[in-house]
Amino acid sequence: MEHGRVVAVEGPDGPGSGYVIAGRLVLTSAHGVPGEGQAVTLFRPGRPERWQGTVVWRGSPSGRDDAALIHLADPAWLPPSGPAVRWGRLVTDRPGTPCEAWGIPELVQRPGRATDTLQPSGTLNPGDRQVGNRYVMNLDHHPPAATDDGASPWGGLSGAALFCGDLLAGVITSDPAGRSHAHLEAVPAFVLLHDAAFRAALTAHGPTGTELEPVEWQHLAEPATAAGLVRSPAALLRARRQIVPFRGRTPDLDRLAAWSSEPGFGALLLHGSGGQGKTRLAQHFADQLAAQRWTVLWLRADTGPDTLAVLAAAAVPVLVVVDYAENRPLQLEALLQAAARHPGASPFKLLLLARTAGDWWPALQASSPTAEDLLDGARVIALHALEPDSGRSRREAYQEAVHAYASHLPQVRGWQDFDWVTLAHRLTSNPRPEPLAGLDRPGLETALSLHMTALADLLDTASQPFSDGRAPVQAETTTTDTTDVEDRLLVHERRYWTTAATTHALHPALTQATLTDALAAAFLLGADDRDQADVLLDRVPGLAGQLPDRRRAVRNWIAALYPPATHSWPWDTLQPDRLAERFLGRHLHTDPRLADHLIVGATAHQATRLLTVYTRAAAHTVFHHQLDQHLTALCVRHADLLATPAIEVATQTEAPHPLLDALQQITDQPDIQLSDLEQLEAKLPSTSHNLAPWAAHLTRRITEHYRTLPHDDPDRLPRVAGSLNDLSIRLAALGRREEALAATTESVEIYQELAQMRPDAFRPDLATSLNNHSNQLSALGRREEALAATTESVEIYQELAQMRPAAFLPHLAASLNNHSVQLSALGRRGEALAASIEAVVVYQELAQVRPDAFRPDLAASLNNLSIWLAAVGRREEALAATTEALGIRRELARARPDAFRPDLALSLNNLSIWLAVLGRREEALAAITEAVEAYRELARARPDVHQHELDRSLQVLAWLQKHVEGGSDSTT
């Protein structure tokens, strides 16, 4: 809250309080001002100046929306500096949220003296006056006494803004009776922002935003984009500014809406390459939910995972949006833990935005039991090109973008004085029926490319000279190759940098090359705070050894170019990402050794950021993979700093090849130590498509190192056997089955030898290796040998489970399931059934003790049991097993539909088959109809995964409809 924005409003009944929420817009109370269109006088407490304003919106005096907006058109008024206010609302039921106000109550006024102010503070409890849509400030100091005439001492405070931290949460409206002046009531901001006329007045006279941010979580939130003067044209491209009207994406919005309408928790991954419009779609969808009174939290990138537990207290429908989700695994794990603790009375949705659904996504799903439960069956939407056709639709989209940017360019510093309306008209009024020149070029199918082209065309047109009084020369403005549109925009951005550097007295004292290096350092590595920023800038060659004042001046220059989104950050970065990536790609192509200077002494977070951004820049097609070798060489030169983050980034990026090449070279260095290889292996995720070939190579290298250990080393053989088992799994994942079998065969042989000498120590490892051995044999069709291996594994686990049931019963149950599959494959159905029954019995015991952990496994085992029962003709028992599995899965799906709906659909499908076999076709028809409905929803979200199941269920449905309606007696 800023005291310079506090004003007094002279109304019919005396002065009241107000607050400047934007340059010329004041928020106050409705009962303190006249009707809309009428004039009022305002002044600053303690100051003689007076200004005239006009009421442009007025709610109901003393009513539910007791607030008003005043527009200060008076030319003598000097608007305050800084952005417009941000709005907030309470989103939990937790009491004691700190708040404050600032106004001119009668309590502090004295005859003959200037109007004075008071800044009361207190707390809000969400339950106070909740039904009446009021916030109640519980004052944290002794309440004042009434005036001599019995009036409220708080008279004149009406209209004061109620702030919670940095968010404007309401407008003080009354001193409620019967509270001994110890409480103040306020109209909540959410009441006002749900009024279309109020929002229209904000838009018309602000500019100010209309987003409601969560008060209790404001320290977690990425602030909404500030309205007002924009520093550079590129800032208009930020998706969350929503400069260009939203268009298309109706099917995606429908899928998002259907997902959000489901009860309880839900996670959805929205992925697509840079510029496809992920953030824009998410913002539009978030706005739709906000209009339905959801709370939307755009999670800050620097939020510590340990601070996210508070989200479990959400008492309203909440959507948490995580941009660049592939780079934020720790945050996501903490979010999932908070979601698991959420009571579920209101929706809790997690929307993840990422460039790829690659390795990081299954790794997250497998990161913990909570993640496995919550993300099992999570929806995934792949975002495709918005304007794939180069005809009329793309031309309309281009024209729309040109006019949208033209309407906002007057708000950009240094670009206010152009006739943008005329320039936009000249760019878009081409009389030819075919698309404007250049709009059919490859690349313009993505939303960002089209928008960047529209903005670049406007800027280029405005920058070209006039001749003979005609329009600016612009015949080629839309014919430039789209791969260069980023470079066109960077020309204008560089002018902005130079102008600002001159203003900050940095140029020409520092060369443009040094200043550009400093920007590259800021964008490439970033910094968590100002001290870290100064250390980074000291590694820039042209700034090394400079006086601290000079480095601070450079840091302040970067902060002025790209103001930090949070108080702790030293600066923000160039947006959109593709523009920053193009700049860094050009710069690093010219001077690849700059990264060597910057990486020395970098933090782990900075190293990861460098590889992330560098990899994305290298993938730009304009560089023709020329940056790949520079990136690979950088990683090899600084393997001690970059090998570990290279493993992480390789699972997150769309183009990991330079990093994979670097890891291969690092692994094959002749002087690499075994400890270094083991450290790299320890960083491997449980599964990774991108890393799979290198992971197998790394494991083989480690195995070779273990073989070279001294033969009298007691750890030599156990290490070799364990590494061989790991190697077999990695080779099998690559489809190299023969090699995988050879590795696991040797592993089993070694463990058998070790188990003979030290059974207590090595029999568990032998059982694990035998299970793996069985899988490799089965994959190669060697069923008898596979059965022998799994038989031995089961026997070992049975003995171990008798001695230590808590440790080994889960392993025994899983091994029995595998054993039943191998028996069935050999036609030994009775024995397969016996093994399956034993597995079910074990899982029933486990589920009684730990139902959350083992009821899903019990349902899966019951499902298998039903199949084996039916195979031996015990159809009634098969039906009973399926029915029991279905009951479990119904309960699980009610609590977590995204995780367990696929399993529920499978059980319904199986139930319908067993019912039909038993002649209970009406019931079978009901079951398969429910299964089809479930599969249809699942296939809409993930057709690649669930379309096959839907097709099979539709076949069963068609057969049952035919035979039930036709009364046929034939059986399935």
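1. A helix's expected span is 1.5 Å times one less than its number of residues; helices are DSSP runs of H or I with at least four residues, strands are runs of E with at least two, and both are numbered from the N terminus. Please keep in mind that this is a predicted model, in which local features need pLDDT of at least 70, side-chain atom pairs count only at pLDDT 80 or more, and totals for chains, interfaces and linings use all residues. Residues are numbered from 1 along each chain as its sequence is written, and side-chain values use heavy atoms, with hydrogens and water left out.

2. Let me start with helix α17, which covers residues 604–618. Its 15 residues reach 21 Å from the first C-alpha to the last, close to the expected 21 Å at 1.5 Å a residue. Twelve of these 15 residues are buried (under 20% relative accessible area, with exposed meaning over 50% and partly exposed in between, for a 1.4 Å probe and protein chains only). The helix is therefore largely enclosed by the rest of the structure. The buried positions include Q606, T608, Y614 and R616, and the run from L610 to A618 is buried as well.

3. Next, the charged pairs. The structure holds 39 salt bridges, each being a side-chain nitrogen of Lys or Arg within 4 Å of a carboxyl oxygen of Asp or Glu. One of them joins R240 and E211, with 3.4 Å between the closest N and O atoms. R240 sits in the loop between β14 (212–214) and α3 (250–260), while E211 sits in the loop between α2 (196–205) and β14, so this pair ties together parts that are 29 residues apart in sequence. R240 is buried at 9% relative accessibility, whereas E211 is partly exposed at 26%.

4. Which residue does D457 pair with in a salt bridge? Its partner is R488, and their closest N and O atoms are 2.6 Å apart. D457 belongs to helix α10 (residues 447–463) and R488 to helix α11 (residues 485–503), so the two tie together parts 31 residues apart in sequence. Both D457 and R488 are buried.

5. Since R551 is in helix α14 (residues 548–561) and D538 in helix α13 (residues 530–538), the pair ties together parts that are 13 residues apart in sequence. R551 counts as buried at 14% relative accessibility, and D538 counts as partly exposed at 32%. Elsewhere, salt bridges with shared partners join D484, E486, D487, R578, R582 and R586 into one network.

6. R280 is one to look at on your screen. This arginine lies in helix α4 (residues 278–291). R280 is buried yet has no salt bridge. How far away is the nearest side chain of opposite charge? That side chain is D287, at 5.9 Å; for the charges, Lys and Arg count as positive and Asp and Glu as negative, while His and the chain ends are not counted. Leaving out residues up to four places away in sequence, R280 touches A239, Q242, V244, P245 and F246, where contact means heavy atoms within 4.5 Å.

7. N772 is a polar case in helix α25 (residues 759–779). Is N772 buried or exposed? With 9% relative accessibility, N772 counts as buried. Its side chain makes a polar contact with the side chain of S728 at 2.6 Å. A polar contact is a pair of N or O atoms within 3.5 Å; within protein, one must be able to donate a hydrogen and the other to accept it, and residues adjacent in sequence count only if both atoms are side-chain atoms. Beyond its neighbours within four places in sequence, N772 is in contact with N725, S728, I729 and T744.

8. Some backbone geometry may interest you too. The peptide bond from H507 to P508 is cis, with omega near 15°, and P508 is in the loop between α11 and α12 (512–525). Q575 and P576 are also joined by a cis peptide bond, with omega about 0°; P576 lies in the loop between α14 and α15 (577–590).

9. Finally, positive phi values. H181 is not a glycine, yet its phi is positive at about 60°. H181 is placed in the loop between β12 (167–174) and β13 (183–188) and is buried, with a relative accessible area of 19%. R249, likewise a residue other than glycine, has a positive phi near 65°. R249 lies in the loop between β14 and α3 and counts as buried at 10% relative accessibility.
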